[in-house]
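The sequence and structure come first.

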Amino acid sequence: MRYPSIDGFWTWDIKRDRIYGDANLSDYFGLTLSHRASLERWMQSVDRDDRPRVRLAIRKAIERRSGFREAYRVRSQKMGLRKILAVGQCCVDEVGEAALYSGWFVDLTTDASCEEQALREIHSHLGQAKDIARSIGHDMLSYLLDNIEEEVEQRLGARLGRRRSS
């Protein structure tokens, strides 16, 4: 499986219960760079509905001393609500106990809000273009723009809150 480009890295010192990460980890999880977060502090940024599943996956990965791969939602003031895929690998100490978990994450969020905003802007411009086409007597162009506007409205769905007039 090919992964998208990596958005951030982390290392969890299991024995000291501290997570260290890069600036992106801090941004996604609402932490400061100087703040070495405990797992519990880090989990506060995981979406409430995803926490039980993520906790279970972490516990199993530690018990098995195995890899971790989980998709879940995180929320921070800087990044908002994002869906990420976290992938990590357990490293054991000299007696075979889980000691460190290092890994990376990618942002899986399809930025629907950006797409919606772009479609709204297109819709607005189409309305203006249609008005101009009609005012200068270009009926065919106005008709084509009307069809494009209908397509944009279908993509927006009920979000526009208004219906196309015939």
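## Confidence

Within this predicted model, helix α3 (residues 51-64) has the highest confidence, with a mean pLDDT of 94. Confidence is lowest in helix α4 (residues 112-135), where the mean is 80. Over residues 160-166 the pLDDT is below 50. Beyond near neighbours in sequence, that stretch has 7 contacts in the model.

For the protein, the mean pLDDT is 85. A pLDDT of 70 or more is reached by 86% of its residues.

## Cysteines

The whole structure was searched for disulfides, and 0 were found. A disulfide is a covalent bond between the sulfur atoms of two cysteines.

For Cys90, the closest cysteine sulfur is that of Cys91, at 6.6 Å. The cut-off for a disulfide is 2.5 Å, so the sulfur of Cys91 is too far from that of Cys90 for a bond. Seen from Cys91, the closest cysteine sulfur is in Cys90, again at 6.6 Å and too far for a bond.

Cys90 is buried, because its relative accessibility is 9% and the limit for buried is under 20%. Cys91 has a relative accessible area of 36% and is partly exposed.

## Ser38

Ser38 lies in the loop between α1 (23-29) and α2 (39-43). Its relative accessible area is 18%, so Ser38 counts as buried.

The side chain of Ser38 reaches the backbone nitrogen of Arg41 at a distance of 3.1 Å. Leaving aside residues up to four places away in sequence, Ser38 touches Asp17, Arg18 and Ile19.

Definitions and conventions. Residues are numbered from 1 along each chain as its sequence is written. Side-chain values use heavy atoms; hydrogens and water are left out. Buried means under 20% relative accessible area, exposed over 50%, partly exposed in between (1.4 Å probe, protein chains only). pLDDT is the predictor's confidence in each residue, from 0 to 100. Helices (H or I, at least four residues) and strands (E, at least two) are DSSP runs, numbered from the N terminus. Contact means heavy atoms within 4.5 Å. A polar contact is a pair of N or O atoms within 3.5 Å; within protein, one must be able to donate a hydrogen and the other to accept it, and residues adjacent in sequence count only if both atoms are side-chain atoms.
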